[in-house]
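Subject: Handover of a structure and findings

Dear colleague,

Please find below the structure that I am handing over to you. My findings follow it.

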Amino acid sequence: MIPAPERTKVVVIGTGQAGLSVAYYLRRFELVADEDFVMLDRAPGAGGAWQHRWSSLRLGTAHRVNDLPGMAELGLSFDTADRDLSAREVVADYYGRFEEHYELRVHRPVDVRAVVNRGADLVVRYEDLSPQPIEELRSRGLFGRRRKSFEPPATQRAPQHEIATSFLVNATGTWGSPFVPFYPGMGEFAGRHLHTSDFVAAEEFRDRHVVIVGGGTSAIGFMLELENVAAGLTWVSRRPIDWIDRQELDLEGASAAVAMQDEAARSGRALPSIVSGTGVPKSRRIAAGIERGLLVARPMFDRIEADRVVWHGENSGMARADAIIWATGFRPELRHLAPLRLREKTGGVTVGQGAAWSDPRVFLAGYGPQASTIGANRAGRMIARQIMAML
C-alpha cells in the first residue's frame with residue numbers, strides 16, 4: 001500500500017455509500033485525492049458493507065440500493081443491474097468502478113485505531129493491514145503461518161501511521177458493530193450463536209434446528225433461505241411484524257423512520273431501530289411465505305437452555321435449537337472516535353446537518369437519518385458544502 005500523506009485538509013474514513021458520496025462532492029469542488037483529502041478503508045476491496053454479506057443475497061430482496069451521485073456518468077445503475085448475481089458482487093463492482101473513475105485513490109486495508117485532538121488539527125492514527133513483503137515476514141519468522149489475506153499475523157505489529165487533518169468525515173457505518181441483546185441462559189447454550197454479520201450460507205444449517213431472532217428483512221431472508229434446508233425453523237421477534245404492501249423498502253419515503261432517527265441524532269440519544277419506523281415490505285416472495293405459514297413470528301422467548309429456547313407464562317413452550325441466528329441489527333461503529341469524547345450520557349452523539357455539535361470539525365456521514373442510500377447521497381452534498389465553506 002502506498003502511504004497516505006502526513007497532512008491533508010480532509011480525511012474520510014469508510015468507503016460505503018456515505019463515504020463515496022462525500023468524496024464525489026469533494027471532487028466536484030475540485031479537491032484532489034491524496035492531496036486535499038484522503039480516503040481510508042478497512043475492507044480489502046470496494047463495496048462497503050455489501051462485500052461482507054452472504055452470497056445468496058440479491059438486489060431487490062431487501063432495502064432499495066440507490067445509485068451513488070455521479071454513477072450515471074459511468075453508465076451504471078442499480079435499477080438495471082443483473083439480479084441473478086449476488087448483491088455483494090454487483091455493489092463491489094460498481095463501487096470499484098466509481099472509485100477508479102473519480103480517482104479517489106482509496107487506501108486499504110487500513111484500520112483506524114483512534115482520532116485525537118491536537119489543537120488546531122485532528123490526528124488520525126491507523127494501522128496498515130496489507131500483507132507485508134515475504135522477505136520481511138521471513139525475517140520475523142512469520143512466513144507460512146495461516147492468516148486472513150487482509151489481516152497481519154497476530155504476533156506481527158502492523159505498521160503505524162498518522163495523518164493530521166483539518167476536518168474528519170466518519171463514514172464507518174454499522175457493519176463492524178453488531179448488536180446482540182442479552183437473554184438469560186445464553187452462556188448455557190451448547191449450540192452455535194451467530195449474528196447476521198456471521199452468516200455465510202444456508203447449507204451450514206443443513207438438518208439443524210435453527211431459531212432466528214429479529215423482526216427485519218434479514219431475519220425474514222434467513223427464514224426463506226433455510227426453509228428447505230434446516231430440520232426445524234423458529235422465528236421470534238420482540239415486537240409484532242408491521243407488514244406493508246410494497247415490493248421494496250425505499251427509505252426516502254419512510255418519513256416516520258427518518259424523523260425518529262433525526263430526532264434521536266439531534267438529541268444525542270442512541271439511535272432507534274430502522275425497522276421500528278418503516279415496517280417490512282411484503283414482496284411477492286414474502287407474501288407467499290406468509291400464505292404458506294412460514295413467516296409467522298412468535299413472541300420473544302424468556303430463556304435459553306443447552307439445546308432449546310423456552311417461553312414462560314401464557315406463551316409457555318419450547319423450541320429445539322442447534323443454532324440461534326441473531327438478526328438483531330447493528331450500532332454505529334464509533335470506537336475510534338472515543339478520544340474526542342463526542343458520545344453523550346444518553347448513549348448517542350449529538351449530530352445536526354451531519355456535523356457533531358461538540359466538535360464542528362467532525363462530520364458523521366451516514367449516521368441516523370442519513371443511514372439509507374438516498375440519505376447518504378444527500379448527506380454527501382451537505383457535508384462537502386460545509387467543509388468547503390470552512391476551508
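In this predicted model, arginine 108 and aspartate 41 join their side chains in a salt bridge (3.3 Å, N to O); a salt bridge is a side-chain nitrogen of Lys or Arg within 4 Å of a carboxyl oxygen of Asp or Glu. Arginine 108 sits in the loop between helix 2 (87-101) and strand 3 (110-118), and aspartate 41 in the loop between strand 2 (37-40) and helix 2, so the pair ties together parts that are 67 residues apart in sequence. Helices (H or I, at least four residues) and strands (E, at least two) are DSSP runs, numbered from the N terminus.

Arginine 108 counts as buried at 16% relative accessibility, and aspartate 41 is buried at 9%. Buried means under 20% relative accessible area, exposed over 50%, and partly exposed in between (1.4 Å probe, protein chains only). Asp41, Glu99 and Arg108 are linked in a network of salt bridges.

The structure holds 17 salt bridges. Among them, glutamate 203 meets arginine 206 (2.9 Å, N to O). Glutamate 203 is partly exposed, at 47%, as is arginine 206, at 37%.

Residues are numbered from 1 along each chain as its sequence is written. As the model is predicted, local features need pLDDT of at least 70, side-chain atom pairs count only at pLDDT 80 or more, and totals for chains, interfaces and linings use all residues, while side-chain values use heavy atoms, leaving out hydrogens and water.

Yours sincerely
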